[in-house]
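Please open the structure in a viewer and keep the selection panel at hand.

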Amino acid sequence: MNTGDTAFMLIATAMVMVMTPALALFYGGLVRSKNVLATTMQSFVCLGLVSVLWVVYGYSLAFGPDVGHFIGNFDHVFLKGVGLEAGPYAATIPALLFCAFQLMFAIITPALITGAFAERMKFTAFLTFTILWSTLVYLPVCHWVWGQEGWLLKMGALDFAGGTVIHINSGAAALVAALVLGKRKGYGRDSMHPHNLPMTVLGAGLLWFGWFGFNAGSALSASPIAVLALFTTQVATGAGALAWGLAEWKIQGKPTTLGVASGALAGLVAITPGAGFVSPVSAIIMGGVAGVICYLAVLAKTKMGYDDSLDVVGIHGVGGIWGALATGIFASSVVNPAGNGLLNGNPHQLVVQAIGVGATIAYSVVVTFIILKIIDVLIGLRVSSDDETQGLDLTQHSEVGYTL
């Protein structure tokens, strides 16, 4: 094993962990003040809930020995055999450190979905949903793409740091959740403006910082590919922020702080699958296009008539789809011998990327719908109309975010 790689991955793991509290700030600032704690709680509690699931069976099902190229087996339940020696996924760091790094991805993915149903889901329903969705959706898709014998990996799909596993997966689930739960009470009639944009911008900045661990850490070593991933992450994010702001300026007359922060997030999402596979110039194109199309997707939400409260579908879903396909367009063996994309003489890679996108969306949509319907029948998904009016902070947690 290599102490430099181990030190690098310790830091990267800690940086990815910070992204979930950062997401709590980002989402918390976007809701009304009566729901700020309930919204941040949904992200924060994932740090505890998914950590326990990961140790008991999550890591084993995601990264254990393959079963039918679909899921891992139970060889590593309670982390049996996952210790301080090198493992099969990373030759220069302890297997337990790889397990910890992947845990942080598993934590933030269900937390991302919460933005779609913010301000209206019961906390008990949310906990149940997180357990079932993580088990039945996240773990299989993770194995497809990153498990040693996963079917998408064997097909040749490129997903450097989770464009398919995390963003498309959560974006598809978010759309289903928004449709199944329905619109917030007063949606389209009452004011639902963000109550604390500085809080949201702080969250966006911390997400940007943590994303360097997210993407560069996915190289699993302190290597030139990690350097490439860090740099492409920076320039794609900057391009996304700039492009969203300019598009907003053109269409709505003025650029907004929220728009630039959202554009940065769109750029981060788009570059995630290709961070270690594309050049910096390609990364700028990927981020810039993401800023524009994600902004347009958010504008289309109102016309399409669904209430995705915090734009998970528009940013993570649409941005993730574009990033996965763009990786199939711009991947270059000049920067990474993993393979070329369409523009470098390999149109088949784009086909493989499209198959991965389609399969992930279809699986996530169907299973998420079934999970939500079962929960609705058993315990109910939404808070009552009176509780929604009063706010989830008081009705679900008996506390308030601000006392003035």
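Predicted model: local features only at pLDDT ≥ 70, side-chain atom pairs only at ≥ 80, totals over all residues.

**Stop 1: the core.** Select Trp 54, Tyr 59, Phe 63, Tyr 138 and Phe 214, which have the most contacts inside the largest nonpolar core, a set of 117 residues. Next, colour helix α3, residues 95-113: this helix supplies 14 residues, the largest share of that core.

**Stop 2: the surroundings of Trp 54.** Centre the view on Trp 54 and leave aside its neighbours within four places in sequence. Among the residues then in contact with Trp 54 are Tyr 59, Phe 63 and Tyr 138. Its contacts also include Ala 62, Leu 79, Cys 99, Gln 102, Leu 103, Ala 106 and Leu 139.

**Stop 3: two positive phi values.** Most residues other than glycine have a negative phi. Select Phe 78, in the loop between β2 (71-72) and α3; its phi is near 55°. Phe 78 counts as exposed because its relative accessible area is 61%, over the 50% cut-off. Then go to Ser 398, in the segment after α14 (392-397), where phi is likewise positive and near 55°. Ser 398 is also exposed, with a relative accessible area of 66%.

**Stop 4: a nonpolar surface patch.** Finally, select Val 365, Val 366, Phe 369, Ile 370, Ile 374, Val 377, Leu 378 and Ile 379 and display their surface. Together these residues form a nonpolar patch with about 730 Å² of accessible area. Within the selection, Ile 379 lies in the loop between α12 (347-378) and α13 (385-390). Ile 379 is partly exposed, at 38% relative accessibility.

Technical notes. Residues numbered from 1 in each chain as written. Heavy atoms only, no water. Core = buried A, V, L, I, M, F, W, Y, C linked by side-chain atoms within 4.5 Å. Buried < 20%, exposed > 50% of the residue type's maximum accessible area, 1.4 Å probe, protein only. Helix = DSSP H or I, 4+ residues; strand = E, 2+ residues; numbered from the N terminus. Contact = heavy atoms within 4.5 Å. Patch = residues over 30% accessible without salt bridge, like charges linked within 9 Å, V, L, I, M, F, W, Y side chains within 5 Å. Areas by Shrake-Rupley, 256 points an atom, 1.4 Å probe, with all protein chains shown as cover. Salt bridge = Lys/Arg side-chain N within 4 Å of Asp/Glu carboxyl O.
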